[in-house]
Amino acid sequence: MKLLRPLTLAVALATSMLASAEVAVIVNPANANSISDNDISRAFLGKLKTFADGQSIKAVNSKANSAARVEFEKLVLKKSAAQVKAYWSKRLFTGKGKPLQELGTDADVLSFVASTPNAIGYVDAASVNDTVKVVKSF
Amino acid sequence: MRKALLSCAICAALPLASAQAEITFNGFANIVAGQASSGDTQWGYDDDVDFKQDSLFALQASTDLGEGLSATAQIISRGENDWEAEFEWAYIAYDINDNTRILAGRQRAPLYMYSDYLDVSYAYPWITPPEGVYNLELSKFDGVSLSHNFTLGEFDTTAQVFFGSDNDDINVQGIDVNSSFDEIFGGTFTLNRDWLTLRTAYLATDLSIPIPVFDELAAAWNNIEGFGGVAEALVIDEDKAKFFEFGAVIDYNNYLLIAEVTRINYDNMPLDTEESMFVTAGYRFDDVLVHLTYGVDENTINGIGDTLPVGLSPELDQLIGFTRQGLEFRNEDSSYYTLGARWDFHPSASFKVEFSKRDDDLINQDTSLVRTALVTVF
């Protein structure tokens with residue numbers, strides 16, 4: 001019983017730490033489009049191809065297994081890494097689309113989005129700077 | 001400095017050339033081992049451990065030619081065919097715009113929910129999609145298709161129409177016969193939103209399958225005056241087959257529910273109708289998906305055998321006997337269940353294990369099959 005208490009405390013602490021790893025979805029500062037949660041999810045699954053103003057969407061991914069990507073896939077796409085991989089396998093092997101371009105670090109995503117008018121990406125909320133615009137945090 | 005400038009100028013001048021040269025390779029592999037219960041056969045397996053039946057290795061090459069044009073080829077080498085490699089897909093795609101695409105060449109016959117990635121075991125829960133529903137001998141065709149994506153309220157929708165033909169050797173009772181599916185024409189319609197996917201398909205084709213046994217029986221009936229109709233019902237020569245499909249997937253948090261129903265109507269052939277369905281329910285525990293499938297397959301055969309006059313002459317009775325026996329060959333009334341698990345033990349690979357039990361109501365026989373699979377995409 002005594003043992004259980006610190007254990008539950010540790011678990012609670014761990015989960016709250018995980019939950020605090022907030023993910024920010026970012027676009028170029030020049031991008032004035034509003035985008036719904038559902039559209040963000042569709043953009044990163046290759047289903048939504050243009051912003052409201054008609055310019056094409058260039059969505060970029062973080063590196064596989066990065067903290068931001070795991071959180072993003074869980075919270076926004078509502079899929080596990082394996083499910084997302086299976087989803088892109090379907091599209092790839094039916095010629096319907098290629099997996100998104102992957103960038104190595106949050107800094108790479110920030111600089112790509114800052115320099116690409118039609119880009120959309122996501123980073124750990126703590127990494128965000130004023131070269132990009134946050135459209136939504138999860 | 002000058003060199004750098006020069007190479008930069010070349011880059012800028014030759015975007016098309018570099019796009020043409022770039023070929024992307026991807027692939028997938030399924031290594032499946034299976035063994036049926038002692039003394040039995042099921043879904044191509046007998047009671048010896050077999051690694052060939054469902055194992056395959058595939059390589060896909062694709063290239064972007066620019067301006068909406070791309071070319072893709074997928075070569076699959078199957079253990080079942082002694083690892084002989086064959087083109088399953090080989091097409092040129094043209095994107096008219098973001099939503100509309102034309103494919104010309106060899107492509108998948110989009111009969112079922114999982115047709116488009118039939119062999120990519122990594123993309124679905126089971127080792128292979130449920131055998132009863134997914135057993136039609138038409139898996140690919142040569143022709144054209146047009147697909148269009150649009151949104152319908154909250155749903156992402158895909159409509160597709162296709163036209164083409166296919167010639168293939170198919171195995172009928174141990175012999176390879178050259179079948180042809182001519183004037184394949186059909187369409188599919190898919191609705192998807194979050195966790196819900198609904199799909200329906202229709203396909204019609206002119207079917208020719210020269211099965212020696214039936215051709216011989218038909219020749220015998222043609223020799224007897226007034227029985228041309230029996231001969232007609234036995235040969236499969238440009239007879240119309242119509243295929244209908246409806247499928248649904250609910251993939252909600254940890255819960256998975258998949259159901260699919262198919263029906264085929266055959267005009268004036270030994271087989272009359274073929275009906276199949278399955279339901280799969282699954283639950284995800286982190287990296288492990290546990291699933292249970294129940295399926296039913298029912299074929300009805302041409303009833304012409306029952307209308308033949310018995311007792312006129314011993315020779316005729318013998319022919320009637322052979323005819324009835326022949327018509328029985330694809331009669332089916334069976335059900336099965338499969339209990340399975342998929343473990344995503346690696347970012348690009350899964351391990352799967354399944355136990356299936358099939359109950360053939362016509363001959364009152366139970367068989368079972370155990371399979372394991374290592375599936376991967378790369």
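The legends below describe close-up views of a predicted model.

Local features need pLDDT of at least 70 and side-chain atom pairs count only at pLDDT 80 or more, while totals for chains, interfaces and linings use all residues. Residues are numbered from 1 along each chain as its sequence is written, chains are lettered from A and ligands numbered from 1 in the order in which they are written, and side-chain values use heavy atoms, with hydrogens and water left out.

**View 1. Overview of chain A.**
Chain A holds five helices and five strands. Both are DSSP runs, numbered from the N terminus: helices are H or I with at least four residues, strands are E with at least two. Along the sequence the pattern reads α-β-α-β-α-α-β-α-β-β. Chain A has 138 residues, of which 41% count as buried. Here buried means under 20% relative accessible area, exposed means over 50%, and partly exposed lies in between (1.4 Å probe, protein chains only). Contacts are heavy atoms within 4.5 Å. Of the contacts in chain A with a separation of 6 or more, 70% join residues 24 or more positions apart.

**View 2. The interface of chain B and chain A.**
The size of an interface is often given as the accessible area lost when the parts come together. Chain B and chain A bury about 2,000 Å² between them. Carbon and sulfur atoms carry 48% of that area. Buried area is the accessible area (1.4 Å probe) that two parts lose on being put together, summed over both. In chain B, the residues that lose the most area to chain A are B:D98, B:Y122 and B:D156. Together they make up 21% of what that side buries. By contact, 26 residues of chain B meet 18 residues of chain A.

The rule finds two salt bridges between chain B and chain A. A salt bridge needs a side-chain nitrogen of Lys or Arg within 4 Å of a carboxyl oxygen of Asp or Glu. B:D156 and A:R42 form a salt bridge through their side chains, at 2.4 Å, N to O. On the side of chain B that touches chain A, the elements giving two or more residues are β1 (23-36) and β4 (84-95) of chain B. β1(B) provides the largest share, four residues.

Over all chains, the structure holds 24 aromatic pairs. Rings of Phe, Tyr and Trp (its six-membered ring) pair if their centres lie within 6.5 Å; planes under 30 degrees apart are stacked, over 60 edge-to-face, and the rest tilted. B:Y114 and B:Y117 pair edge-to-face, with 5.7 Å centre to centre and 80 degrees between the planes. B:Y114 is buried at 5% relative accessible area. B:Y117 is buried too, at 11%. B:Y114 also pairs with B:Y124: the ring centres are 5.9 Å apart and the planes stand at 80 degrees, so this pair is edge-to-face. Both B:Y114 and B:Y124 lie in the loop between β5 (100-108) and β6 (140-152) of chain B, so the pair ties together parts ten residues apart in sequence. B:Y124 is buried, with a relative accessible area of 2%. Ring pairs link B:Y112, B:Y114, B:Y117, B:Y124, B:W126, B:Y134, B:F243 and B:F278 into a cluster.

**View 3. A charge over a ring.**
The charged end of B:R342 sits over the ring of B:Y122, 4.8 Å from its centre. The rule asks for NZ of Lys or CZ of Arg within 6 Å of the ring centre and within 35 degrees of the ring normal.

**View 4. Surroundings of B:P309.**
B:P309 lies in the loop between β13 (288-301) and α5 (314-327) of chain B. Its relative accessibility is 29%, so B:P309 counts as partly exposed. Leaving out residues up to four places away in sequence, B:P309 touches B:F227, B:L316, B:D317 and B:I320. B:P309 and B:G68 are 241 residues apart in sequence and 64 Å apart in space, C-alpha to C-alpha.

**View 5. Positive phi in two loops.**
A:N65 is not a glycine, yet its phi is positive, near 70 degrees. A:N65 sits in the loop between β2 (58-62) and α3 (67-75) of chain A. A:N65 is exposed, at 57% relative accessibility. B:D82, also not a glycine, has a positive phi of about 55 degrees. B:D82 lies in the loop between β3 (69-78) and β4 of chain B. At 58% relative accessibility, B:D82 is exposed.
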